[in-house]
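Here's a quick briefing to read alongside the model. Keep the viewer open and follow along.

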Amino acid sequence: MSFLYLLVMAVPAAFALGWWTSRRAGVRRSGAKVSELSSDYFRGLNYLLNEEQDKAIEVFLKLAEYNRDTVETHLALGNLFRRRGEVDRAIRLHQHLVSRPGLNDAMKTVALLELGEDYMRAGLLDRAEALFRDLVAMDAHAPSALRHLIAIYQHERDWHKAIEHARRLETMTGEDETPMMAQFYCELAERSRQHGARSEARDYLAQAFASQAQCVRAYMLTGRLHSEDGAYDAAVEAYEAAVEADVAFVPDILPPLLDSYERSRQMGRAEHFLRGLLDRYHGVSPVLALTNLYRQRDGDRQAVEFLTAQLRQRPSVRGLMTLIDATMDKIDGEARENFQILRELMRKLLEGQAMYRCSRCGFGAKAHHWQCPSCKNWSTIRPIHGVANE
Amino acid sequence: MRLLVLLLLIAFLAAGVLLGALNADLVGYDLGFARIQLPKGAGLLGSLVIGWLLGGLTAWFGVSTGHRRQQRKANKKPAAGA
């Protein structure tokens, strides 16, 4: 009897002991795995933050081997490969993810989006386009896919499709895409103008104005069309409207505007406009234009007096060069030679200077671009205001 | 540490053998559908082993079920968010 009691007590005691042992072993095993995984993850993250992408890839590859189900790790790896320029590896990785059975739809569409970006990076635009179109049709990550599609159409200069997709993006996200659409219409207008289809160009410009009422580029193109048609009064109106729309583009607008003033014999209006501009715009372009105007109308002395007074208020290398040019005739001997050296020095200084800078990415350019060659944003390249620039 | 565990293991093994030898007399068990006769020591050891195994299996089953449930929840989250 006493032995049976012992047995009855032994079984629950053994049960409890077995339960406790198994629990402890399980916790230790999973804890070790988790800590190893998380330490690897943070190590990878640390490499990424330190811009050591090679080492980060090594760590993430190890992580992906540990757990073949970790989709996020594979996505991060694919991203890294793409950023390092190893597009073929990124494509293989994302293709593998897409074809993996049992992957949920959300993750599959993310992998498809990434694959599309890989194709874009590799220059396989037709494949990327097909993928992004599918994503838009599936309504999965549609805004991102639409943005990529717009980028592809911009690259292919297919402005009609770009406009169509920009419109869809605007409807979908509610974000204002009209400035970008106005630029696309301007591109179409410019193309028509170059092909001699002037009435078509005017139609596109009307659509550009309908998209963005104060589109500087559309005003400038309108001015150019009028000027080429010999309608200089209308050209002056358009160029002046361009300045009103965005005063930052004065350095680009002034040369054709001054030409139109001259051809339409409206130099009085030019002086009045430039005088008004001096208060609103702090660059050197209107000063130089007025100096030139005074020199032609009143002679060198008045022009130099005006320029000297203005340079005291807004010092500028370009202004100083004009001043040296204007006073060079009046001096001779050693002083003239010194002035010539100074002038040459300033010319070289200006040669290496970027005159325009993108307000988004900081890309510096000597000539104006409506679309930034670096970040591909529209109308973000503006004249630099400084002593050596505008 | 490993040596200590080894010594303990040998001591318990010796104790088990000694207990088995001292309690070699047979005990009858009526399981309802069958009647079996086992030495006392083997009966004790058998019930300890069965109890320990059952406890371990129960804990393992509980932990793995919990993990599976968490995994399923984690997989569902992104799908719901998309």
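What follows goes from the overall layout of chain A to a few residues and the UniProt annotations.

This is a predicted model, so local features need pLDDT of at least 70 and side-chain atom pairs count only at pLDDT 80 or more, while totals for chains, interfaces and linings use all residues. For bookkeeping, residues are numbered from 1 along each chain as its sequence is written, chains are lettered from A and ligands numbered from 1 in the order in which they are written, and side-chain values use heavy atoms, with hydrogens and water left out.

**Overall layout of chain A**

- Chain A carries 18 helices and three strands (DSSP runs numbered from the N terminus: H or I of at least four residues for helices, E of at least two for strands).
- Its radius of gyration is 33 Å, well over the 21 Å that the globule rule gives for 390 residues, so chain A is more spread out than a compact globule (the radius is taken over C-alpha atoms, and the rule is 2.2 Å times the number of residues to the power 0.38).
- The C-alpha trace of chain A spans about 130 × 55 × 35 Å along its principal axes.
- Of the 390 residues in chain A, 45% are buried (under 20% relative accessible area; exposed is over 50% and partly exposed is in between, with a 1.4 Å probe and protein chains only).
- Take the contacts in chain A between residues at least 6 apart in sequence: 48% of them join residues at least 24 apart (contact means heavy atoms within 4.5 Å).

**Surface and charge**

- Chain A has an accessible surface of about 20900 Å², and carbon and sulfur atoms account for 52% of that (Shrake-Rupley method with a 1.4 Å probe; for residues, only the protein chains shown count as cover).
- There are 51 positive and 53 negative side chains in chain A, and the centres of the two sets sit 5 Å apart (Lys and Arg count as positive, Asp and Glu as negative, with His and the chain ends not counted; charges are placed at NZ of Lys, CZ of Arg, CG of Asp or CD of Glu).

**Around helix α7**

- A:Ala145 is in helix α7 (residues 142-155) of chain A, and at 0% relative accessibility it counts as buried.
- Not counting residues up to four places away in sequence, A:Ala145 touches A:Leu113, A:Phe132, A:Leu135 and A:Val136.
- A:Asp139 lies in the loop between α6 (125-138) and α7, is exposed at 58% relative accessibility, and has a positive phi of about 60° although it is not a glycine.

**The cysteine cluster**

- UniProt, in an unreviewed entry, lists A:Cys358, A:Cys361, A:Cys372 and A:Cys375 under "binding site" (positions are in the numbering used here, feature names are shortened, and annotations may be inferred rather than shown by experiment).
- These residues are spread over 18 residues of sequence but cluster in space, with a largest C-alpha distance of 8.6 Å.
- A:Cys372, in the loop between β2 (364-365) and β3 (381-383), is buried at 1% relative accessibility.
- A:Cys375 lies in the loop between β2 and β3, but is partly exposed at 26%.
- Leaving aside neighbours within four places in sequence, the contacts of A:Cys372 include A:Cys358 and A:Cys361, and A:Cys375 touches A:Cys358, A:Arg360 and A:Cys361.

**Annotated spans**
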